[in-house]
Amino acid sequence: MSVLMRDEAQARAQFLDVQRYTIDLDLTAGEETFDSRTVIRFTALADGDTFVEIKPADLRSISLDGRPLDPADLTGNRFPLTGLAAGPHELRVDAAMRYSRTGEGMHRFTDPSDGETYVYTQLFMEDVQRVFAAFDQPDLKSVFALTVTAPEGWTVLGNGIAHHDGDGRWTLAPTPPLSTYLVAVAAGPWHSVTTEHAGLPFGIHCRRSLAPHLDADADEILDITRACFDRFQEKFDEPYPFDSYDQAFVPEFNAGAMENPGLVTFRDEFVYRSAVTDTERQTRGMVIAHEMAHMWFGDLVTLAWWDDIWLNESFAEYMGYQTLAEATHYTDTWVDFGVARKGWGYDADQRPSTHAVAPDPAAVPDTASAMLNFDGISYAKGASALRQLVAWLGEKDFLAGINTHFARHKFANATLADFIDNLASATELDVHAWADQWLRTTGVDTLVPDVTDAGTGWSLTVDHRGTRPHRIAVGTYDHALGTEPGPEQLVLRDRFEITVPQNGPVTRPGRRPALVVLNDQDLTYAKIRVDPDSWNTVLTHLSGIPDALTRAVVWNAARDMVRDGELAPTTYLDAARTHLPHETDLALLQGVLAFADTQVAARYVTPDRRPAALATLTALSRDLIRRTEDGTHPGLRLVAVRHFIDAATQPDTLQAWLADGTVPGGPELDPELRWRILTRLAVLGAVDETAIDAALDADPSATGREGAARCRAALPAAEAKAAAWDAMFGDDSLSNYLFTATAQGFWQPEQTELLAPYVARFYPDATALATRRGPVIAEAAGRYAFPAYAVDADSLRLGEQALTDQGLIPALRRKLADQIDDLRRALAVREAH
């Protein structure tokens with residue numbers, strides 16, 4: 001298959017004007033393929049040649065202006081259209097297309113709970129070609145008119161309002177001009193909850209087997225949807241540009257969600273079968289807000305080429321957190337962003353694969369390279385940059401520039417240059433210079449405070465290690481007097497703004513504060529360090545800092561110091577042990593525990609220190625469980641129970657919980673906790689295939705199948721590991737989700753000797769798998785099936801050698817490069833401590 005080159009796309013955009021696609025899909029042709037008939041009406045702006053893309057199972061016929069063409073002329077995914085005369089044309093294509101099992105194109109899923117089947121599209125980047133013929137690039141927008149034939153009893157959803165014509169035929173309202181990748185269809189016996197808001201039909205949809213769980217949360221989901229919709233209508237001068245707003249929670253979805261106009265698709269794990277924390281509910285709300293922001297930024301105004309993907313994702317990321325905080329009761333969203341999301345950007349920006357938020361066009365020459373930029377830089381760093389821009393520019397001028405952008409480019413395409421020009425039109429500040437410094441550079445600045453006594457006051461100088469200007473707040477804190485028993489509290493003395501780099505030291509009156517925090521309120525994107533006296537205060541009083549967002553900044557500083565080899569991993573664990581039992585913010589608790597578990601205990605401490613690290617996490621979890629015995633903090637208790645399970649080194653307590661069906665004092669074991677316990681017992685060798693089969697019989701759902709696959713792969717037996725490996729790398733029938741679940745269970749730090757032979761096998765097997773199954777499975781193999789537990793020189797050597805293989809497809813190469821750099825960093829941390 002040929003990837004689309006940027007220069008090809010630019011030439012085709014100059015050559016074609018595409019007016020309308022008329023698409024007829026027949027989903028009743030069988031379990032392997034569906035029928036796709038497409039009519040494209042377009043105008044050639046000059047005499048010449050071009051091509052149309054399609055990836056069929058069988059190209060049955062193709063004609064141009066009524067003249068039959070030879071289907072055998074299809075080469076890869078391109079069909080040549082030669083000798084076009086300037087003027088209007090009509091292309092007709094009839095093909096059988098394959099259903100996907102990997103979330104690409106038209107994904108087909110049969111629910112093991114009830115045997116019902118569902119299909120949905122995910123057409124991002126190049127996958128529209130798996131569903132219908134198209135001139136597949138974002139700057140050839142067109143009207144799309146779809147009809148769909150589906151089995152009786154199914155409901156069809158799409159970008160526009162769907163009308164059932166009878167006999168399984170559905171007609172979708174023609175769209176406004178859209179990019180090809182934004183077309184969407186979802187069909188099946190959906191369970192739906194519908195309403196009307198602002199004169200538009202709104203709906204939420206899921207598999208029938210999840211109906212009770214969607215119904216339980218329908219009011220919350222729709223309340224957030226309405227509140228965010230109304231807030232965006234206030235922010236943006238341009239009204240919502242589509243005729244309806246449906247949200248479909250679909251199975252085996254690869255991303256968190258996809259911003260299809262009028263039909264947003266979400267992974268259906270957001271329909272909670274089991275207990276979740278308020279922070280997890282907040283995350284769902286943020287994703288709802290994020291995707292809704294895309295209706296304007298991405299859908300109404302779309303990038304011209306994929307080098308500007310950050311324009312879509314950074315904007316939606318920033319708006320998702322900000323708007324959720326403004327419009328709903330989730331007012332502390334930036335805490336979660338700071339402790340759980342921002343590190344994604346920091347980590348990506350320190351790897352060899354880093355790139356500018358707005359990369360040079362030459363760095364994104366084709367669609368394959370563009371796909372690699374869907375990372376922490378395009379999302380978290382870009383959103384952080386926009387947050388800093390708003391702090392510098394002011395929200396009023398920022399929104400004025402955005403509204404100018406929408407007005408100038410609605411239903412069309414825009415570039416970074418357009419975006420910056422439109423922002424600049426709303427302010428006297430030099431936005432172009434800001435963009436050069438922030439969007440076209442790579443790496444993370446570091447801000448290091450130097451706090452000194454200065455006569456009757458104290459002074460602050462910031463050592464600026466980097467190139468970007470920063471507008472930050474500095475928080476100063478003193479010890480509180482007469483506090484209640486427990487960790488001593490700190491009180492805010494002052495919070496003031498400074499610009500970095502500084503013209504000179506800032507001098508403040510009074511005694512030196514007990515704690516000085518740079519980037520208080522987390523308004524910029526930079527690694528922060530803490531002066532020695534303040535660090536001593538942190539170690540003893542971190543949980544006494546009054547504001548959760550400030551605590552997030554300090555915890556992030558500690559995280560970065562561990563990763564940079566400046567703070568012993570055990571010191572981080574000790575700080576968690578000391579302060580988390582007193583933490584009240586769930587996002588902070590979850591973020592710190594996640595880093596302590598998946599990075600510190602699993603990778604940064606040496607194998608001989610892992611038992612002690614797990615013991616610390618177990619003791620910490622036990623403290624939190626005891627603290628929540630009165631039932632007042634169910635979310636906090638759930639987090640503690642999860643981490644107690646994950647850190648267990650002995651099976652007795654977990655087996656007792658499983659036998660009783662509950663944790664003493666609650667919670668009762670729901671499906672998520674049962675499979676979590678079974679997975680840990682499998683790692684410890686305290687459960688067998690019979691028990692796993694029995695659990696699957698009790699929970700024959702899709703998540704039950706994934707839980708069973710994870711457990712079987714985690715068993716510490718040679719035959720179990722061999723079977724799991726063969727399922728991942730030898731059997732291409734595994735769906736994307738079952739592949740991931742198997743990979744998650746396979747590698748376990750407790751099973752080093754058993755797993756040792758597979759470390760070297762991973763690289764050739766993953767390379768072959770990626771070549772056969774494509775980028776989605778390649779990315780899953782690189783992320784989940786990589787031997788991350790094997791932190792040693794031999795593993796690093798094998799990884800570095802694998803990267804010399806010129807046969808690696810781009811998706812796998814990028815994932816391996818990142819994993820190997822993380823491995824190199826973990827080795828350096830171990831050597832430093």
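Start with the open sheet of four strands, which run in the order β8-β9-β14-β11 and pair in the antiparallel sense. Strands here are DSSP runs of E with at least two residues, and helices are runs of H or I with at least four, numbered from the N terminus; two strands pair if DSSP finds at least two bridges between them. This is a predicted model, in which local features need pLDDT of at least 70, side-chain atom pairs count only at pLDDT 80 or more, and totals for chains, interfaces and linings use all residues. Residues are numbered from 1 along each chain as its sequence is written, and side-chain values use heavy atoms, with hydrogens and water left out.

Select 105–110 and 155–158: these are the edge strands β8 and β11, each pairing on one side only. From one strand to the next, the twist averages 10 degrees (axes are lines fitted to C-alpha atoms, for helices over the stretch in contact; angles run from 0 to 180 degrees between N-to-C directions).

Opposite Val156 you will find Ala187 of β14.

Now move to the open sheet of three strands, ordered β25-β24-β27 with antiparallel pairing. Its edge strands, β25 (490–500) and β27 (515–520), each pair on one side only. Here the twist from strand to strand averages 25 degrees.

Select 470–479 for β24, which pairs with β25 over ten antiparallel bridges. Pick Thr476 and its bridge partner in β25, Asp494.

Finish with 532–541, helix α11, which lies across β24, β25 and β27 and runs at about 90 degrees to β27.

Conventions
Contact means heavy atoms within 4.5 Å.
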